[in-house]
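Subject: Structure for your review

Dear colleague,

Please find the structure below, together with its sequence.

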Amino acid sequence: MNPNEAVIFDKDFKIQHMIPLAGVASRTRVSPNGEWGAVTVFTGGGSYASTAMSTKTTLIDMKTGTIMLDLEDMVVRNKGVVFKARDFNFWGVTFTRDSRFFYATLATGGKIYLVKASLATRQADVIGENVECPSLSPDDTRIAFKKRSTSGPRVIWHLAVINLTTLKETLLPEPAPIDQQVQWYDNRHVLYALPELIIGKPVIMYSWIIAADGSSPPQKLYHDTDSPIIIQ
């Protein structure tokens, strides 16, 4: 199996399609209705903290295994004005509950934007800034995301939630840096993975759960798990 391939399985885990990718995959999502998939790959840089980072994000028809859209081919508007640049990089797709729209991160010109796009029109609008790897809540009202900050020369991210109506941000009380596209456990909790580092012992990945309103500290949920996904 080529490591730079997207593999689509059926419910019995039988391979249906194998799709060549332009680089190493870093983010994947499937729409709630199961019809569309999204894959982000690194085509340069290999890290979201790198200034040389380059990505390619495509939407896939899950039934046929064909590429339906390269996000860089979308029409994007910012405050109603169409804009386009050679350095457009998209990543972190998350679909709405009705599978008609999706959100994603767009980086260009040293800035990072949150866009909302229509699958029908293949057009997107900028609706916010500084939102990376968005994950939409089951009720479509909030997005959990990585909030970028710096610690000396390093770029780090912390877990936050934004209300899509008010655009109010809530920084969650998880002290560890988070470099993931996290998952909603339900409408009130966010799920993510972190390693437990104990000197002299093997590293163990744990899934953690935290209240999306920041009202309680994180708690361990599962052990020996990474990149958890809830199927609803």
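The secondary structure of this chain consists of zero helices and 20 strands. Please keep in mind that the model is predicted. The chain has 232 residues, and 44% of them are buried. Its accessible surface is about 12300 Å², with 54% of that area belonging to carbon and sulfur atoms. Among the contacts with a separation of 6 or more, 37% are made by residues 24 or more positions apart.

The interior may be considered next. In soluble globular proteins, nonpolar side chains tend to be buried together. In this chain, the largest nonpolar core holds 21 residues, and those touching the most other members are Leu59, Leu71, Met74, Phe90, Val93, Phe95 and Phe102. Two or more residues are given to this core by each of β4 (36–44), β6 (66–70), β9 (89–95), β10 (101–108), β11 (111–118) and β12 (123–129). There is also a second, separate core of 14 residues, which includes Leu159, Val182, Val190 and Trp208.

Leaving aside residues up to four places away in sequence, Phe90 touches Thr40, Thr55, Thr57, Leu71, Glu72, Met74, Val76, Thr105, Leu106 and Val115.

Finally, the surface deserves attention. Phe9, Phe13, Ile15 and Met18 make a nonpolar patch there of about 430 Å². Of these, Phe9 lies in strand β1 (residues 5–9). Phe9 has a relative accessible area of 42% and is therefore classed as partly exposed.

Yours sincerely,
A colleague

Terms used. Residues numbered from 1 in each chain as written. Predicted model: local features only at pLDDT ≥ 70, side-chain atom pairs only at ≥ 80, totals over all residues. Heavy atoms only, no water. Patch = residues over 30% accessible without salt bridge, like charges linked within 9 Å, V, L, I, M, F, W, Y side chains within 5 Å. Areas by Shrake-Rupley, 256 points an atom, 1.4 Å probe, with all protein chains shown as cover. Salt bridge = Lys/Arg side-chain N within 4 Å of Asp/Glu carboxyl O. Helix = DSSP H or I, 4+ residues; strand = E, 2+ residues; numbered from the N terminus. Buried < 20%, exposed > 50% of the residue type's maximum accessible area, 1.4 Å probe, protein only. Core = buried A, V, L, I, M, F, W, Y, C linked by side-chain atoms within 4.5 Å. Contact = heavy atoms within 4.5 Å.
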